[in-house]
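Here is a short note to read beside the coordinates. The points go from the whole chain down to single side chains.

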Amino acid sequence: MDLLGSILNSMDKPPTISDKQKALMKKQKEEYQKHQKAEAERLKQFREKVEEKINKFLQDDDAKEYKFPPMDQIHRSIIHDVAEVANIWAYSFGEEGIDRHIVIFKREYTPSEDQLNALRRGEEWNDEIARRVVEERERRAKEELEMATKPKKRKDNFVPNSYYKDKYQHLIGKEAALEAARKTEANSSYGCVPSENKKDQRSIEQTLADIRAKKRKLEANTEESKYKGEDTKQQKVSENL
């Protein structure tokens with residue numbers, strides 16, 4: 001214990017806060033709280049102005065949209081919150097830190113995707129531009145429909161790039177090429193029978209009758225073979241006796 005006590009006594013004591021430092025820290029804290037309170041009050045006033053602006057916007061029957069000036073993210077978040085409460089559309093456009101702003105729209109004038117894309121690109125949008133966009137879309141749709149329903153043209157009087165008799169003349173000779181080019185005619189003796197001749201022209205009743213006749217003939221042949229086999233067997237037995 002004596003050794004530990006001596007070590008602790010030899011160490012420097014932690015510095016104490018003077019009254020002057022305490023007063024300075026207290027003042028800084030009060031200034032921070034005052035600043036926070038002033039900022040909260042400023043944002044509250046800004047929200048009240050936004051609510052007033054949006055209320056006037058909703059009461060104006062001719063107004064379809066309203067563009068707020070560029071502002072930071074905190075103020076834009078307040079506008080989005082008020083717009084949600086008022087049940088209107090709110091979209092942000094522009095580049096952050098440069099010209100980022102909000103445009104609000106009434107529900108009955110919901111912006112189209114074309115309008116939003118144009119505003120995102122920083123382009124102007126009005127009724128005339130909207131009309132041209134619709135006309136262009138309808139024109140393209142009409143062209144695509146015409147292309148899909150238009151019959152494809154067949155090439156008539158096709159002319160080959162080369163004549164096969166001349167192309168293969170060095171292999172099969174001129175006379176052979178002429179003979180090969182001669183039109184061949186179907187020969188029934190070699191199985192080249194028209195498809196009409198291959199069809200069964202019999203009626204269903206005739207077909208069934210033919211099948212039954214073949215079946216009876218087959219059974220009769222089988223029975224006859226059976227009797228012949230028994231007679232042959234009896235003849236052999238008699239010869240053995």
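1. Contact here means heavy atoms within 4.5 Å. On that basis, 47% of the contacts in the protein chain with a separation of 6 or more come from residues 24 or more positions apart. Keep in mind that this is a predicted model.

2. Overall make-up. The protein chain has 10 helices and three strands. From the N terminus, the elements run α-α-β-α-β-β-α-α-α-α-α-α-α. Of the 241 residues, 14% are buried. The accessible surface is about 21700 Å². Carbon and sulfur atoms hold 52% of that surface.

3. Three strands make an open sheet, ordered 1-3-2, with antiparallel pairing. Strand 1 (65-67) and strand 2 (89-93) are the edges, and each pairs on one side only. On average, neighbouring strands are turned by 20° against each other, direction ignored. As background, strands of a sheet pair through backbone hydrogen bonds, either parallel or antiparallel.

4. Strand pairing. Strand 3 (residues 101-105) pairs with strand 1 over three bridges, in the antiparallel sense. Lys67 has Val103 of strand 3 as its bridge partner. Five bridges join strand 2 to strand 3, again antiparallel. Here Phe93 is the bridge partner of His101 in strand 3.

5. Which residues of strand 3 point one way, and which the other way? In a regular strand, side chains alternate between the two faces of the sheet. His101, Val103 and Phe105 point one way. Ile102 and Ile104 point the other way. Five of the five residues in strand 3 are buried. Buried means under 20% relative accessible area.

6. Helices on the sheet. Helix 3 (residues 73-86) lies across strand 2 and strand 3. It runs at about 160° to strand 2. Helix 4 (residues 113-120) lies across strand 1, strand 2 and strand 3. The angle of helix 4 to strand 2 is about 35°.

7. A backbone point to check. Asn87 sits in the loop between helix 3 and strand 2. Its phi is positive, about 65°, although Asn87 is not a glycine.

8. Asp114. This residue belongs to helix 4. Leaving out residues up to four places away in sequence, Asp114 touches Trp125, Val133 and Arg137. Asp114 and Ala130 are 16 residues apart in sequence. Their C-alpha atoms are 8.1 Å apart in space. Asp114 counts as partly exposed because its relative accessibility is 26%.

9. Asp81 is partly exposed, with a relative accessible area of 33%. Arg47 is partly exposed as well, at 28%. In general, side chains of opposite charge can pair when their charged atoms come close.

10. Arg139 forms a salt bridge with Glu136, and their closest N and O atoms are 2.4 Å apart. Both residues lie in helix 5 (residues 127-149), three residues apart, about one turn of the helix. Arg139 counts as partly exposed at 38% relative accessibility. Glu136 is partly exposed at 29%. Salt bridges that share partners also join Glu128, Arg131, Arg132 and Glu135 into one network.

11. Another charged pair. The side chains of Arg121 and Glu123 meet in a salt bridge, 3.1 Å from N to O. Arg121 is exposed because its relative accessible area is 53%; exposed means over 50%. Glu123 is partly exposed, at 41% relative accessibility.

12. A nonpolar patch. Which residues make the nonpolar surface patch of about 310 Å²? Ile204, Leu208 and Ile211 do. Leu208 lies in helix 10 (residues 204-240). Leu208 is partly exposed, with a relative accessible area of 42%.

Terms used:
Residues numbered from 1 in each chain as written. Predicted model: local features only at pLDDT ≥ 70, side-chain atom pairs only at ≥ 80, totals over all residues. Heavy atoms only, no water. Pairing = 2+ DSSP bridges. Helix = DSSP H or I, 4+ residues; strand = E, 2+ residues; numbered from the N terminus. Axes fitted to C-alpha atoms, helices over the stretch in contact; angles between N-to-C directions. Patch = residues over 30% accessible without salt bridge, like charges linked within 9 Å, V, L, I, M, F, W, Y side chains within 5 Å. Areas by Shrake-Rupley, 256 points an atom, 1.4 Å probe, with all protein chains shown as cover. Salt bridge = Lys/Arg side-chain N within 4 Å of Asp/Glu carboxyl O. Buried < 20%, exposed > 50% of the residue type's maximum accessible area, 1.4 Å probe, protein only.
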